Structures are given as C-alpha cells and as structure tokens.
Amino acid sequence: MIREYKTIREISGPLMVVDHVQGVTYDELAEIVLSDGSTRRCKVLEVNGDRALLQLFEGSQGLKISNSKARFLGRSIELAVAPDMLGRV
C-alpha cells in the first residue's frame, strides 16, 4: 500500500528525515516527489517511533522540503533472476 507524507523535516547530503509516518518498515523503498512531478528513489535506513530516516539513491541538490513529498511503496528492492542465474538448487 502506497502512503504519502508532506512531513519531510530535514535533508543532509543523501539522508532525509520524514516525521509522522505510520506503517513504514526498515529497507522499504520510497520515492521523493518534487514540485515539478519528477521523482527520486530512496530507501528506509531506520524507523524510530513515527520518524523515518531515508537514504537517497540520487542527489539531494535542488530538493525543496516545502514543495516535496515522500511516497512509501510498501516493498523492498526486488531483482528478477533467470533460472540460469540460480545455479544448482
């Protein structure tokens, strides 16, 4: 289930803090939606009460806290593999 929050508290380099989150889990994927509609991917590094610490995969340059929102995707990173990649089972 996708959840969106406009409660981004601070950004420091590739790290971002989002307040007042519910149901967010460790290692969950998220997107930061900018005011122009573009998105930047990130993942949850830590959840402490109702606060989540996110790591941006892309740069945080030009990101405005007041105009952005965090969208939590409810899943972790997935990788599709072919049977040939699995090796012996």
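Student: Is Glu10 buried, exposed or partly exposed?
Tutor: Glu10 counts as partly exposed, because its relative accessibility is 36%. Keep in mind that this is a predicted model.

Student: Okay, and which residue does Glu10 form a salt bridge with?
Tutor: With Arg9. The closest N and O atoms of the two are 3.3 Å apart.

Student: How accessible is Arg9?
Tutor: Arg9 has 39% relative accessibility, so Arg9 counts as partly exposed.

Student: Why can side chains pair up like that?
Tutor: Side chains of opposite charge can pair when their charged atoms come close.

Student: How many salt bridges are there in the whole structure?
Tutor: A search through the whole structure turns up eight.

Student: Let's pick another. What does Arg41 meet in a salt bridge?
Tutor: The side chain of Glu31, at 3.4 Å from N to O. That pair links distant parts of the chain, with Arg41 in strand S5 (residues 39-48) and Glu31 in strand S4, 10 residues apart.

Student: Are those two buried or exposed, or something in between?
Tutor: Glu31 counts as buried, because its relative accessibility is 10% and the cut-off for buried is under 20%. Arg41 is at 35%, so Arg41 counts as partly exposed.

Student: What else does Glu31 form a salt bridge with?
Tutor: Arg71, where the closest N and O atoms are 3.1 Å apart.

Student: Which residues are linked in a network of salt bridges?
Tutor: Glu4, Glu31, Arg41, Lys69 and Arg71.

Student: Where is His20 found?
Tutor: In the loop between strand S3 (15-18) and strand S4 (29-33). His20 counts as exposed because its relative accessibility is 53%.

Student: And what's the phi of Asp27?
Tutor: Asp27 has a positive phi of about 70°, and Asp27 isn't a glycine either. Asp27 lies in the loop between S3 and S4.

Student: Is Asp27 buried, exposed or partly exposed?
Tutor: Asp27 is at 27% relative accessibility, so Asp27 counts as partly exposed.

Terms used
Residues are numbered from 1 along each chain as its sequence is written. This is a predicted model: local features need pLDDT of at least 70, side-chain atom pairs count only at pLDDT 80 or more; totals for chains, interfaces and linings use all residues. Side-chain values use heavy atoms; hydrogens and water are left out. Helices (H or I, at least four residues) and strands (E, at least two) are DSSP runs, numbered from the N terminus. Buried means under 20% relative accessible area, exposed over 50%, partly exposed in between (1.4 Å probe, protein chains only). A salt bridge is a side-chain nitrogen of Lys or Arg within 4 Å of a carboxyl oxygen of Asp or Glu.
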